[in-house]
Amino acid sequence: MAAEISSLGLSVKDTEAFLHECVHTMGEAMDVGRVFFWKYNPRSGTFSCMTECLEKGIDSQMDLLQDISADQLLLVSDLFQRGQAFKHHDIRNVPQGREKEIMEMLNVKSVLVFPISVGNRPYGFLCFEDYAQQRTWTRDDIRILKTVSQIIMHVIEARLAEEEIVSHHDQLEQEVNRRTAELEQKNTALNVLLER
C-alpha cells in the first residue's frame, strides 16, 4: 500500500484526484469500514469530506459531512496543534462533542485519524473507521498509516509549491508583457516627436 501510494505521488497533476486514488488504495488494503479524507477550507474555517472508500454494505454519508465548522471539531483542532494521530478502540470513550455525535450517527465502533498539515497549516485529515468491531489499532497499523499520511503530505506540499511557481511565472510574464507594451508606446511617441 505504501509503495503504491509513493508511486502515485511521483507524477501528480491533480491533488484531488491523487487523494481520491490514495483513499481507495488504502480502503482496498485496510480491513476497515470506511477510509476518508476531510479537507480544511481556511476561508470558511470548515472541514468537508472530500473523498471516501467504503466497505461493501456501508452507505456513503459524504453529503452530510460538508462544511462542518472547525470550532465544532475540538478533537481535530487538538490534532493539528499536537501534530499527532488520535485513536479510539471504542468511540464511547471519545469526549463529548461534534466528532462523537457524527461517529455515533454513523455507528462507528473504532476510529483512527491522522492530521495532514502543509506549511504548518491544517490541510485536512485521513480517517479510518471500523463499523464491525471495536478494533485495537496496532503499532504496525499506526506506523504504516503514519508513513502513508506523511507521503501524502509531502506530495501535496510539492504540488502546491509547483502551482505557486507556475502562478509566479504567469504573473511575471504578464508584468513583462505590460512593461514591453508601455515601452513600445513610449518609443512610438518618442519617434513621433523626433520626426517633427
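Which residues in α2 are buried? In this predicted model, the buried residues of α2 are Thr15, Phe18, Leu19, Cys22, Val23, Thr25, Met26 and Gly27. An α-helix has 3.6 residues a turn, so residues three or four places apart point the same way.

**Overall architecture**

The protein contains five helices and six strands. Its elements follow the order α-α-β-β-β-α-β-α-β-β-α from the N terminus. The radius of gyration is 23 Å, well over the 16 Å that the globule rule gives for 196 residues, so the protein is more spread out than a compact globule. Along the principal axes, the C-alpha atoms fill a box of roughly 90 × 35 × 30 Å. Of the 196 residues, 40% count as buried. Among contacts between residues at least 6 apart in sequence, 57% join residues at least 24 apart.

**The sheet**

The six strands form an open sheet with antiparallel pairing, in the order β3-β2-β1-β6-β5-β4. At its edges stand β3 (68–69) and β4 (86–88), each of which pairs on one side only. Eight antiparallel bridges connect β1 (residues 34–41) with β2 (residues 46–54). Opposite Ser48 in β2 stands Lys39.

**Helices across the sheet**

| Helix | Strands crossed | Angle |

The length of α2 can be checked against expectation. At 1.5 Å a residue, its 15 residues should span 21 Å, and the end C-alpha atoms are 21 Å apart, which agrees. At the start of α2, a side-chain oxygen of Asp14 comes to within 2.9 Å of the backbone nitrogen of Glu16.

**Two residues in context**

Ser149 belongs to helix α5 (residues 139–195). Its relative accessible area is 5%; this is under the 20% cut-off, so Ser149 is classed as buried. Leaving aside neighbours within four places in sequence, Ser149 is in contact with Phe114, Ile116 and Leu126.

Leu64 lies in the loop between β2 and β3. With a relative accessible area of 52%, over the 50% cut-off, Leu64 is therefore classed as exposed. Leu64 is 16 residues from Ser48 in sequence, and their C-alpha atoms are 9.1 Å apart in space.

Conventions: Residues are numbered from 1 along each chain as its sequence is written. This is a predicted model: local features need pLDDT of at least 70, side-chain atom pairs count only at pLDDT 80 or more; totals for chains, interfaces and linings use all residues. Side-chain values use heavy atoms; hydrogens and water are left out. Two strands pair if DSSP finds at least two bridges between them. Helices (H or I, at least four residues) and strands (E, at least two) are DSSP runs, numbered from the N terminus. The expected span of a helix is 1.5 Å times one less than its number of residues. Buried means under 20% relative accessible area, exposed over 50%, partly exposed in between (1.4 Å probe, protein chains only). A polar contact is a pair of N or O atoms within 3.5 Å; within protein, one must be able to donate a hydrogen and the other to accept it, and residues adjacent in sequence count only if both atoms are side-chain atoms. Contact means heavy atoms within 4.5 Å. The radius of gyration is taken over C-alpha atoms; the globule rule is 2.2 Å times the number of residues to the power 0.38.
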